[in-house]
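Have a look at the structure first.

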Amino acid sequence: MPALPALPAPPPLTVGLVGAGGMARAHAPAWRALGTELVVHSVDGAAELAAAHDGRVAASFDELLDVVDVVDVVTPTPTHLEVASAALAAGRHVLCEKPLGRTAADALALLEAARAADRQLYPGHVVRYFPEYALMRAAVHAGEIGTPAVLRFARGGAFPSWSPWFADDARSGGVVLDLMVHDLDVARWVAGEVTSVFATRRSLEEDGAPHTLAHVVLTHAGGAITHVRGLWGAPHTAFRTSFHVAGDAGVLRFDSATSGGVRSDLPPVPTGGLARPAPAAGESPYLTEIRELARAFAASPTALPADHPLRPRVSALDGVVAVELAEAALTSIDAGEPVAVDTAARVRELGGTPHPPPDTPALAAAGSPV
Amino acid sequence: MTAPTTPLRVAVLSFAHVHAGSYIALLRDRPDVELLTADPDAATAPPDELRGRGFADLHGAPYVETYAEALEWGPDAVIVCAENARHRDVALAAAAAGAHVLCEKPLATRVEDAEAMLAACDAAGVLLMTAYPVRFSPEFATLRGLVESGALGTVLGATGTNNGKVPSGRAWFTDPELAGGGALADHVVHVADLLDALLGEEAVAVRAVTNRVLHGDDPRVRAETGGLVSITYAGGAEVTVDCSWSVPDGAATWGGLTLQVTGTGGTVEIDPFGAHVDGFVGGGAVPAWLGFGENLDALMLEHFLGCVRTGATPGPDGRAGLRTLRVVAAAQESVAAGGAVVRPAS
């Protein structure tokens, strides 16, 4: 990964958190660590969140929009379109938690809203900021494992029962859209554009507890194939992520269950408990993410040009494509057949530059595409 | 039925599969076994591969030149270690001679060959067992116990990996004619057999994608080296298997097999080849892997010889070998059809 240019601290921003749930609790400390002023609006829990992070409460969404530079949308997925498009229309930059939209159409509408408003919009694809994934991707793109051949990503934990909307596929998109969208995005980021999506899923409820296990297989334009496994499992399930990335000149692998400098022997996560992936090392990946986005937001009151040095490693277009891949997976599950896609053509159609296959020499020289 | 005190006559037929050496070493010194070997196709192998009488001498095994001589000796049982495409002819000859058959995996390269082997062994009244040693691992016994006791609840699905180095030392492994394919034929069957035993269900939908990125520039490799196979079982379990030859040549061990099974009760993951001491040897320049798991070949042979003595049906029998071969055949059909879903007729 190319190093960010050395910069003075970004000028202080005022950020409006819309929502006060689990993601708001993950984002708020990161914004505060950067010296950001926080304003919170939520139907529920705004006062507690504001009090915990030295912020203040906005009585209405409009009042929040009036006083902030940036809106951080951390509401349930089906509200992303309404909240984020209102923020963009009001001239605010937006960080929208993943998935960018409940549907590909929602996500695309947000991309178009950001362009119409000439404002910055980024999806919260925080896995690109986890050091183990960022290092792996940089090594792959530097040619360290040669041409990627077979990739495996897994991510899973307890079924998210702390908030009822997750269990409603109509609202959350289920494990494929809510959880696996991370690895669908990372797979494309690492192994390039995608030509085919096949997925299977088994969901069942036992003793009142829901369970879902899903598999997605991607075929990449450069020839690589990827398996993504997602689990919303039994209530005791510890959150765990792993990858195994094999190329013709090496293999890179990671498993959160066996990595990291801390070994603990503690009681299991209580039923209904809110498990969060612990960083493998160093600072919170949410801070890494939000620092990079804050610099971009502070750099310009409008959208950043494609060649701007502060363009973050993830774009709204990446967010759209990730939702489209998840939607293709859901289509495949319903049809029982693979779904042909062409994310390279889609990216071009939407005015972006497709990811070249990672063994392209020009890429290794140029660093990561936006 | 042979009395337990009478030594069993066992013939190892062909040294094409490298396991022949392991089987010979395990059988050679047993007081309850008389061993004979034959490797008549040795001349078809590349000259740098040790086969035939030289291989037998190296391993201290009595040797005859032809299968006919080995079968005239009247073996109670044979172990077929021929190239995959030649399993059928050797197994049929053994069955005709009244010998029980332990056959290397995959049972054959074509479903109809496996069916013919089953029919011949049934007609001759001899046992047919498929050599799936991982079935005998204590790790798999633990997993099976957790599934059968209900501790894992209803099985949602599984992820299996059987990754290894690209086979070397025996060129036929990467010859799609003799091996029946590449990584798909070589590495899907072990995981498929474990799932077959665990679930007791047929695969109802199979979909596979492959590539030849790994070792793509190696002229000896003429088949797929990477593959992902999606399998749906009759009861609804959803499985993905990574069968790739993705372990780099420089790795400390050949590869391994893992199976992660998720049910409503939780997840259990086994790594039957994982028990090891690691570190560095060779002046510090060579990664070490000192494996100390059970000798699965020994456990498998013990089971087979026990079945030969008692007439009991072996654990992974010919039917298990056929069912798993059907999964491979469906995966190959899927690849040939550009990744279409194949629904094997049960």
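In chain B, six strands make an open sheet in the order S3-S2-S1-S4-S5-S6, with parallel pairing. At its edges sit strand S3 (63-64) and strand S6 (128-131) of chain B, each pairing on one side only. Strands here are DSSP runs of E with at least two residues, helices are runs of H or I with at least four, and both are numbered from the N terminus; two strands pair if DSSP finds at least two bridges between them.

This is a predicted model, where local features need pLDDT of at least 70, side-chain atom pairs count only at pLDDT 80 or more, and totals for chains, interfaces and linings use all residues. Residues are numbered from 1 along each chain as its sequence is written, while chains are lettered from A and ligands numbered from 1 in the order written.

| Helix (chain B) | Strands of chain B | Angle |
|---|---|---|
| H1 (residues 19-28) | S1, S2, S4, S5 | about 150° to S2(B) |
| H4 (residues 87-96) | S1, S4, S5 | about 165° with S5(B) |

Now for the chain-chain contact: chain A gives 33 residues and chain B gives 32 residues. On the chain A side, S8(A) supplies the largest share, seven residues.

How values were computed
Two residues are in contact if their C-beta atoms, placed from the backbone, lie within 7 Å. Axes are lines fitted to C-alpha atoms, for helices over the stretch in contact, and angles run from 0 to 180 degrees between N-to-C directions.
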